[in-house]
Amino acid sequence: MSRNWSLILVVAFVLGFGLKSYLDQQPKSASVEQSDSKVVLFGKDNQPVDLFDSQDSRIRVVYFGFTRCPDVCPTSLAMLAGALNQVDDEVKNQFRPIFISLDPERDAASDSYKYAQYFHPLIEGVSAPLEVTTPLAHKYGVIFRKTELENSQLKYTLDHSSYFYFLKPDGTLITKVPHTLTPAPLVEAFKTVISEG
């Protein structure tokens with residue numbers, strides 16, 4: 001019986017030590033998460049854009065894509081524009097729609113900005129090096145990959161998931177809306193987020 005107790009005590013000590021070591025490391029990883037609040041991309045006139053600017057209380061509506069996307073991105077941004085046109089100014093003023101390019105190799109900040117503006121003047125288009133946008137995209141579960149195109153002037157395209165991410169000013173995910181062919185789900189999300197906020 002005493003051998004069993006000795007074994008239990010050893011196991012408890014090892015588990016306790018392992019848990020303590022794990023918890024001791026948590027503040028370090030938490031500070032890495034806090035660095036997300038310093039995510040800087042580039043938009044109009046290549047000016048820096050602080051995505052999670054704490055002085056801006058608007059809910060971010062973020063869409064990840066690229067300007068040479070043949071169908072999904074233009075459709076999605078058109079639906080976002082349609083939703084913005086269907087809500088009143090009071091609702092619109094509580095949101096900050098942002099298009100983030102996943103293709104900085106071809107999408108300069110000015111190109112992303114012009115592309116987004118084509119759909120609606122409230123949609124900000126931004127771009128940044130992949131070392132900035134990739135961890136940001138992965139944080140919200142965005143899947144994307146480069147696919148080479150043979151015999152095409154484009155040379156490659158991007159396959160990517162298509163969601164609208166509603167984020168608190170600090171970057172916390174509130175909800176996400178999948179690719180849609182009608183503005184209705186986005187209009188509903190605008191109203192729901194405001195009523196629950």
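These are my notebook entries on a predicted model of one protein chain.

**Entry 1: overview**

I started with the secondary structure. The protein chain has 6 helices and 9 strands. I then looked up burial: 40% of the 197 residues count as buried. Residues 24 or more positions apart make up 66% of them.

**Entry 2: the core**

I went to the largest nonpolar core, which holds 48 residues. Which members touch the most others? They are Phe64, Leu80, Ile100, Phe166 and Phe190. I noted the elements that each supply at least two residues of this core: strands β3 (59–65), β4 (95–101) and β8 (163–167), and helices α2 (72–86), α4 (109–119), α5 (130–139) and α6 (184–196). Helix α2 gives the most, with 7 residues. As a reminder to myself, nonpolar side chains tend to be buried together in soluble globular proteins.

I picked Phe64 and listed its contacts, leaving aside neighbours within four places in sequence. Phe64 meets Ile100, Leu102, Leu136, Ala137, Tyr140 and Val142. Its list also includes His160, Ser161 and Tyr165.

**Entry 3: Val61**

I moved to Val61, in strand β3. Is Val61 buried or exposed? Its relative accessibility is 0%, so Val61 counts as buried, the limit being under 20%. I checked what surrounds Val61, not counting residues up to four places away in sequence. Val61 touches Phe95, Arg96, Pro97 and Ile98, and also Phe164, Tyr165 and Phe166. Leu80 and Phe190 are on the list of Val61 too.

**Entry 4: helix α2**

Helix α2 came next. It has 15 residues. From first C-alpha to last, α2 reaches 21 Å, close to the 21 Å expected at 1.5 Å a residue. I wrote down its buried residues: Cys73, Ser76, Leu77, Met79, Leu80, Ala81, Gly82, Ala83 and Leu84.

I followed Ala81, which is in α2. Its relative accessible area is 7%, so Ala81 is buried. Leaving aside neighbours within four places in sequence, Ala81 is in contact with Phe119, His120 and Ile123.

**Entry 5: α2 against α6**

How do α2 and α6 lie relative to each other? Their axes come within 8 Å and cross at roughly 50°. The two helices are therefore oblique to each other. The crossing is right-handed. On the α2 side, the contact is made by Met79, Leu80, Ala83, Leu84 and Gln86. On the α6 side, Leu186, Val187 and Phe190 make it.

**Entry 6: positive phi**

Last, I looked at backbone angles in two loops. Asp45 has a positive phi of about 55° although it is not a glycine. Asp45 lies in the loop between β1 (40–42) and β2 (48–50). With a relative accessible area of 58%, Asp45 is exposed, because the cut-off is over 50%.

Asn151 is also not a glycine, and its phi is positive, near 55°. I found Asn151 in the loop between β6 (144–148) and β7 (156–160). Its relative accessibility is 83%, so Asn151 counts as exposed.

Notes:
Residues are numbered from 1 along each chain as its sequence is written. This is a predicted model: local features need pLDDT of at least 70, side-chain atom pairs count only at pLDDT 80 or more; totals for chains, interfaces and linings use all residues. Side-chain values use heavy atoms; hydrogens and water are left out. A nonpolar core is a set of buried Ala, Val, Leu, Ile, Met, Phe, Trp, Tyr and Cys residues joined through side-chain atoms within 4.5 Å. Buried means under 20% relative accessible area, exposed over 50%, partly exposed in between (1.4 Å probe, protein chains only). Helices (H or I, at least four residues) and strands (E, at least two) are DSSP runs, numbered from the N terminus. Contact means heavy atoms within 4.5 Å. The expected span of a helix is 1.5 Å times one less than its number of residues. Axes are lines fitted to C-alpha atoms, for helices over the stretch in contact, and angles run from 0 to 180 degrees between N-to-C directions. Angles under 35 degrees count as roughly parallel, over 145 as roughly antiparallel, 65 to 115 as roughly perpendicular and the rest as oblique. A crossing is left-handed if the near helix is turned anticlockwise from the far one by less than a right angle, and right-handed if clockwise.
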